[in-house]
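Please look over the notes below with the model open.

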Amino acid sequence: MIVKVPATSANLGPGFDTLGLSLSLYNRFEVSPSIVQSIRIDGEGSDIPKLLKDNNFIKIFKDVYRELGGETRDFTFYLKNEIPVSRGLGSSSAVVIGAIISAYEMLKVPYTRDLILSKAIKYEKHPDNITPAVNGGFNIAMIKNSKVFYIRHKIPNDIKAVVVIPNKAISTRYSRKTLPKQYSLHDAVFNISRSSMLTGVFLSKRWNLLKIAAEDRIHQDKRMALFPALFAVRKEALKRGALMSVLSGSGSTFLNICYRDDSSKLASSLSKKFGEFRVLELEFDNTGFNIE
Ligand code: HSE
């Protein structure tokens, strides 16, 4: 059994801790019963020794497996990762979702998307990555009484993503600490209006409004100040045909959305200008997690 979980991009500019979408880059998690415990990681993260010693996937899988009444035994864990680690593309959400579903599948306990999300929110405090990882598509997510509520909408294929992935990570925890504790009413209204407009754009496909709808005054510029090269990425992407250009999650990746026909040109301009960063053209994922 292999559990496949997509990459995600959270916030989408103004929708801090609320909006997110799913991208066609995947982590695959394979768990099988064995005589001794072992772990193998291929792809992203395979060069990080800490992940072999102290692995969150194993911890969460075992937690949930025990909670579901699974008998004590060893497993082989094989993680085949396409999602870059700590770059704002939802690698930790993929681990959380993958581990929870693997435990349910291993014990053949039935589950629903809502149940997986209610378990996942204990491990990942913000719902804007875990929700699209489960559902695919564009997601509006909120928490009330420790439960995740969401609306999910399919993303049509006339638009595509071009992501710019820097070689440096921005820590979500640290960058959240750099954010103010209070905002003015003016800035709150600024973000509420853009976030609502952005949601409307995804529902109505009025892509020409994406650029103004993706503005933000809550987190982006403060986080980008930790890595100033990102200002140049945004400027160049908007100049070269991006409909919107935003920090993906807490960064450091930049998510650019453009018309499908413009994606190759946008990707090649960005690779030329930012040779030190990885540039990927990606489809949106509309499926969410999958069992292979
Ligand atoms: N909304 C979160 C943040 C995304 O921006 O910190 C990472 O979970």
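1. Start with charge. Two salt bridges cross the interface of domain 1 and domain 2. This is a predicted model, so treat each one as computed. Find the side chains of Arg278 and Glu44, which meet in a salt bridge.

2. Now look at the side of domain 1 that touches domain 2. The elements giving two or more residues to that side are β1 (2–10), β2 (19–34) and β5 (138–144). The largest share comes from β2, with five residues. By type, the residues of this side divide into twelve nonpolar, ten polar and three charged.

3. Where do the domains run? Domain 1 covers 2–154 + 287–291. Domain 2 covers 159–282. Trace both ranges on the model. The C-alpha centres of the two domains lie 24 Å apart.

4. How many residues of each domain are in contact with the other? Domain 1 gives 25 residues, and domain 2 gives 39.

5. Last, the area. About 2300 Å² is buried between domain 1 and domain 2. Carbon and sulfur atoms give 63% of this area. On the side of domain 1, pick out Pro14, Phe16 and Arg87. These residues supply 28% of the area that domain 1 buries against domain 2, more than any other three residues.

Key
Residues are numbered from 1 along each chain as its sequence is written. This is a predicted model: local features need pLDDT of at least 70, side-chain atom pairs count only at pLDDT 80 or more; totals for chains, interfaces and linings use all residues. Side-chain values use heavy atoms; hydrogens and water are left out. Domain bounds come from an automatic or database domain assignment. Contact means heavy atoms within 4.5 Å. Buried area is the accessible area (1.4 Å probe) that two parts lose on being put together, summed over both. A salt bridge is a side-chain nitrogen of Lys or Arg within 4 Å of a carboxyl oxygen of Asp or Glu. Helices (H or I, at least four residues) and strands (E, at least two) are DSSP runs, numbered from the N terminus. Ala, Val, Leu, Ile, Met, Phe, Trp, Tyr, Cys and Pro count as nonpolar, Asp, Glu, Lys and Arg as charged, and the others, Gly among them, as polar.
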